[in-house]
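Here is a short report on how two chains meet and how one of them is built. Look at the structure first, then read on.

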Amino acid sequence: MSKTIHAFYLEKNQDTCDIGKKWLSMTVLPDNSEHYYYNLLKASFEKEFLMNSNKQIDLDIPRTFSECSYFSKGKGNIILQRVLYALTRYNPALGYVQGMNYIAACLLYHCKESDAFWLLLRLFYDYNLVQNYLPRLPGLEKHSHVLEYLLIEHLPDLFEHFNRNGIIVQMFATEWCLTLFTSLLSLENSSFFLTKFFEFGWVFFYKFVIEVLDRLKDKILLIDNTMEILDILKPIRATSTKAANEFLKNLEMYEKLTWKKVVKIACLRKINEEVVNYLCENFEAFTQLEHESKDHCNDMYIMP
Amino acid sequence: MATMECKIVTLGEGRVGKTSLALKYVKNEFHKDEISTVNANYLTKLVQIPQGSVQLNIWDTAGQERFRAIASNYYRQAKGALIVYDITDRKSFDKVVSWIKELKSQAEKNIVIVVAGNKCDMEKERQINRPEALEFCRKMQIRHFDTSAKSGNGVEEMFMELASQIFEANKGELGQSGRNSRRGKITVEKTKHRENSGKKGGCC
């Protein structure tokens with residue numbers, strides 16, 4: 001496989017479509033973005049310390065949206081690999097973390113290689129997605145913290161019910177955070193979500209989570225079993241397209257839904273953005289306190 | 001007959017077949033390119049063993065090193081752990097040691113551990129000697145199974161063994177809670193490497 005990757009100047013892959021162009025219009029790319037990308041990619045093969053990260057990428061490529069022939073048989077599979085290699089070369093300390101592969105694939109589905117790479121970088125650093133993948137996954141902690149607040153505020157009975165069944169936000173929302181819902185919505189539907197995310201950032205993400213939970217609420221409240229509840233929130237799945245449709249069916253109340261519609265409805269939801277921003281901004285202070293008190297407890301425990 | 005409900009967790013390096021083993025056992029399904037697990041999957045199965053029945057709640061975790069930071073969220077209160085390695089990948093076997101260490105110091109004291117050498121349908125590419133793996137597990141007093149999620153080899157036996165060991169180790173809690181509330185307190189003391197009382201504690 002590495003031979004084909006080394007052939008940098010393959011025939012040009014598909015051009016960025018209208019959806020991709022819309023995403024690009026919401027971010028700023030440097031002038032020589034394409035050139036920079038290929039240079040970075042070239043450099044990614046020269047660093048031995050990237051081997052570990054790259055090995056995991058190689059393992060994950062065949063199982064990223066493998067039901068889509070572009071990624072399983074087509075050249076999408078090599079291009080996805082290259083984008084992820086370049087990404088780890090851009091920030092070797094961060095490396096590759098599972099979850100990135102799904103987002104990268106969804107961007108590639110609508111964009112040419114270098115555009116997908118730059119959009120991915122924008123998500124990482126302008127939208128602070130990178131925080132989710134850092135050691136100890138601090139972003140994950142932050143988003144769970146905000147979601148917990150929103151649950152108490154908007155769906156208090158559901159929050160109580162989760163508590164009674166020993167369910168914490170991380171148990172079901174981690175994958176949503178790390179893949180921006182792309183692993184659940186699958187290739188075809190993720191663009192609707194990503195477009196709104198490029199426009200509104202994490203506020204939209206939170207609204208979407210609350211919309212999904214609100215729609216599942218009545219079903220979940222009837223169940224008093226941790227595993228059964230988690231099975232609704234995070235069903236095990238074989239192929240993502242089928243799973244996306246099955247999950248969608250669970251969200252239907254009276255009307256027939258599409259993911260596009262759910263995205264639209266979620267976007268109209270009102271949440272207290274001031275409080276959300278406040279929680280995000282102050283989160284680091286909270287965690288520091290938390291870690292300190294934990295350290296303190298540990299000290300006490302060790303003392304005879 | 002009494003039913004015991006218990007949580008078990010799958011651990012091990014990425015792509016060794018944790019999800020595949022769980023899926024094979026619970027749903028008898030196998031997918032060559034199983035979707036990579038981000039965070040965790042949740043599966044359940046009711047197992048009949050001679051002594052009673054055990055409801056296994058399987059928390060199937062993500063294997064990548066970065067997710068190790070949140071692994072303790074998952075093995076907390078687990079009664080059993082299935083540590084998986086890939087027989088064709090030396091590095092994945094080395095990880096088994098560190099998982100066992102972590103579980104013995106961080107998890108429930110009487111947690112039952114079994115080790116699975118998965119992908120034994122790929123015998124030609126084997127990198128870990130079978131005797132080496134067996135000897136290692138014998139020293140640790142942990143049962144070792146050769147499994148293949150693809151063919152189903154060893155999968156049923158392994159989960160059955162896990163279920164019955166867990167049943168043995170926790171049967172005191174099945175009846176009235178009076179006696180074992182005292183036992184629960186004793187576990188506060190640090191008793192490292194205390195083996196569970198399962199009769200079949202030895203290795204295969």
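A salt bridge is a side-chain nitrogen of Lys or Arg within 4 Å of a carboxyl oxygen of Asp or Glu. Between chain B and chain A the count is one salt bridge. The side chains of Lys55(A) and Asp89(B) form a salt bridge, at 3.9 Å from N to O.

The model is predicted: local features need pLDDT of at least 70, side-chain atom pairs count only at pLDDT 80 or more, and totals for chains, interfaces and linings use all residues. Residues are numbered from 1 along each chain as its sequence is written, chains are lettered from A and ligands numbered from 1 in the order in which they are written, and side-chain values use heavy atoms, with hydrogens and water left out.

**The interface**

Contact means heavy atoms within 4.5 Å. Chain B brings 30 residues to the contact, and chain A brings 39 residues. About 3,000 Å² is buried between chain B and chain A, and carbon and sulfur atoms give 59% of that area. Buried area is the accessible area (1.4 Å probe) that two parts lose on being put together, summed over both. Ile35(B), Tyr42(B) and Arg66(B) supply 25% of what chain B buries against chain A, more than any other three residues.

Nine residue pairs are in polar contact between chain B and chain A, both residues at pLDDT 80 or more. A polar contact is a pair of N or O atoms within 3.5 Å; within protein, one must be able to donate a hydrogen and the other to accept it, and residues adjacent in sequence count only if both atoms are side-chain atoms. Strand 2 of chain B gives the most to the side that touches chain A, with five residues. Helices (H or I, at least four residues) and strands (E, at least two) are DSSP runs, numbered from the N terminus.

**The sheet of chain B**

Chain B has an open sheet of six strands, in the order 2-3-1-4-5-6, with mixed pairing. Two strands pair if DSSP finds at least two bridges between them. Strand 2 and strand 6 (143-146) of chain B stand at the edges with a single partner strand each, so one side of each has no neighbour in the sheet.

Angles run from 0 to 180 degrees between N-to-C directions, with axes as lines fitted to C-alpha atoms, for helices over the stretch in contact.

| Helix of chain B | Reference strand of chain B | Angle |
|---|---|---|
| Helix 1 | Strand 2 | about 40° |
| Helix 2 | Strand 1 | about 170° |
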